[in-house]
Amino acid sequence: MTINAARTGWVFFALLCLLLGALSAKQLFAALVNKPLVLERLQLLPEPKPLPSVLLRTATGDAFAREKFQQKWSLVFFGFTSCPDFCPMELQKLGKILKLARQEGKPLQVVFVSVDPERDSAARLAEYVAFFHPQIIGLRGDNPAIANFARFFGAAYDRSALVNNKVLSIPAGAAMPALAGDHYQVNHSTRVFVIDPQGQYVGSVSMASEAIGDSTESLWSDLNKVF
Amino acid sequence: MSTGTFKCWCASIFGIFALLYCASVFAELRIENAWVKLAPPGARANAAYVQLYNSSDAPVVIQSLSATCCAELMLHRTRYVNDKAIMEHLDQLIVPANGKITLAPGGMHIMLLGARKPLQQGEQIELELHFASGQQQTIHLPVKADDD
Ligand SMILES: [Cu+2]
């Protein structure tokens, strides 16, 4: 009985040593080999995803193909210009980041893709993005092209209107019926997508935090670690 | 105690309670950090933000809002569902007893629609809060590009 108990004790002790040893070795290994990137907000993909072909245009009507995402970092955000609260808040932050990048000579472009082409005319989009920073690029296209580009990132959006007291939900890619009028809601992704200078989607950051105070700083410091 | 003195006492006690009651009904909200966000050119709406403090012992219910600058005012909240921002309509705002509520970018906001002329930076907007009690309170909000 006592011998058995002592033996169990020894076995337990040995196992514990083994476990602790393995754990610390693993930590040491991770610290030495991986040098893990500590990012506050930015979530990196396990593997970069090369961009598909892009069928969007700038507010001045120029084609903005995949090649425009080469040789610089890009931050991509989906929204609409009639958005009174969320989009202005986001674009203001992205404008600040663009300013910081310019000051430090980091090649960065900020791209705002309108998911509301019926209401966001080229002129309106141009005026809107320029308000936040003269270099923010506004992109638009037809509904299927926008939906394709958004789907690549997993950026969800939809639009809904009240027609005859019934909620009419228009999925991404579909045209807004004229009977919906000019007052409808757009629900859209809160993520900012990061594209590397090889034109690959590498990660994203959610801007949906209610505590917005330091998100510009923390995003900028994260971007600096991956740039 | 004569009937006259008694009546007098009753009247003054009633008076005191009536005064106290009125004081609580007329209790105004303390307003802090009120501002209207300057909208980009061509925008259809402006968002307004404010912190409302209620120092009374009863909740204050804001039933509606109005302003001479704009055709329509709405209470909204930006909500986040599965990484999507969704704008939700609020029927009323309740400022809890001895509490506060905060309307701030990315959360609850007052939406100003149909401005008679575009709101300019530096302008003061006068806005009326209509309480469920029937009372009203006027608040002033400067138009600013950023919250600072
Ligand atoms: Cu709103």
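I first sorted the lining of the largest cavity by residue type and found ten nonpolar, three polar and two charged residues, where Ala, Val, Leu, Ile, Met, Phe, Trp, Tyr, Cys and Pro count as nonpolar, Asp, Glu, Lys and Arg as charged, and the others, Gly among them, as polar. I note at once that this is a predicted model, in which local features need pLDDT of at least 70 and side-chain atom pairs count only at pLDDT 80 or more, while totals for chains, interfaces and linings use all residues. For my own bookkeeping, residues are numbered from 1 along each chain as its sequence is written, chains are lettered from A and ligands numbered from 1 in the order in which they are written, and side-chain values use heavy atoms, with hydrogens and water left out.

The structure holds one cavity of 30 Å³ or more, and I read the volume of the largest cavity as about 80 Å³. A cavity here is a set of points, on a 1 Å grid over the protein atoms alone, where a 1.4 Å probe fits but cannot get out, and lining residues have an atom within 4 Å of a point. Grid points are joined across faces, edges and corners, and a volume is the space filled by probe spheres set on the points. Of the 15 lining residues, A:Pro84, A:Pro88, B:Ala39, B:Pro40 and B:Ala45 lie nearest the centre of this cavity. Strand β2 (residues 45–54) of chain B gives the most to the lining, with three residues; strands (E, at least two residues) and helices (H or I, at least four) are DSSP runs, numbered from the N terminus.

**The pocket.** Next I turned to the largest pocket, a pocket being an open set of points with protein on both sides within 12 Å along at least five of seven lines. About 660 Å³ of space lies in it. Its lining has 29 residues, and A:His183, A:Tyr184, A:Gln185, B:His76 and B:Met87 lie nearest its centre. I found that β7 (157–163) and β9 (185–189) of chain A, together with β4 (70–81), β5 (84–90) and β8 (108–115) of chain B, each supply at least two lining residues. By type, the lining divides into 16 nonpolar, nine polar and four charged residues.

**The copper ion.** Which residues hold the copper ion as protein donors? I listed B:His76 (ND1), B:Met87 (SD), B:His109 (NE2) and B:Met111 (SD), which lie 2.2 to 2.7 Å from the ion. Donors are N, O and S atoms within 2.8 Å of the metal (3.2 Å for Na, K and Ca), and water is not among the atoms, so sites may look incomplete. The angles among the four donor atoms run from 88 to 129 degrees, and the site is tetrahedral, a term that asks for all angles to lie between 85 and 135 degrees. Along the chain the donors follow the spacing H-x10-M-x21-H-x1-M. I also checked accessibility: B:His109 is buried at a relative accessible area of 0%, and B:Met111 is buried at 7%, where buried means under 20%, exposed over 50% and partly exposed in between (1.4 Å probe, protein chains only).

**Chain B as a whole.** Buried residues make up 41% of its 148 residues. Its mean pLDDT is 86, and 81% of its residues reach 70 or more, pLDDT being the predictor's confidence in each residue, from 0 to 100. The model scores ipTM 0.75 and pTM 0.80.

B:Asn33, in strand β1 (residues 30–37) of chain B, has a positive phi of about 55 degrees although it is not a glycine, and is partly exposed at 40%. B:Asp83, in the loop between β4 and β5 of chain B, likewise is not a glycine and has a positive phi of about 70 degrees; its relative accessible area of 33% makes it partly exposed.

**Helix α4 of chain A.** Why do I call helix α4 (residues 143–153) of chain A largely enclosed by the rest of the structure? Because eight of its eleven residues are buried, among them A:Ile146, A:Phe149 and A:Phe153. A:Pro144, in the same helix α4, counts as partly exposed at 46%. Just after the helix, A:Gly154 takes a positive phi of about 75 degrees.

How values were computed
Four donors count as tetrahedral if all angles lie between 85 and 135 degrees; four count as square planar and six as octahedral if opposite donors are over 155 degrees apart and all others between 65 and 115; anything else is irregular.
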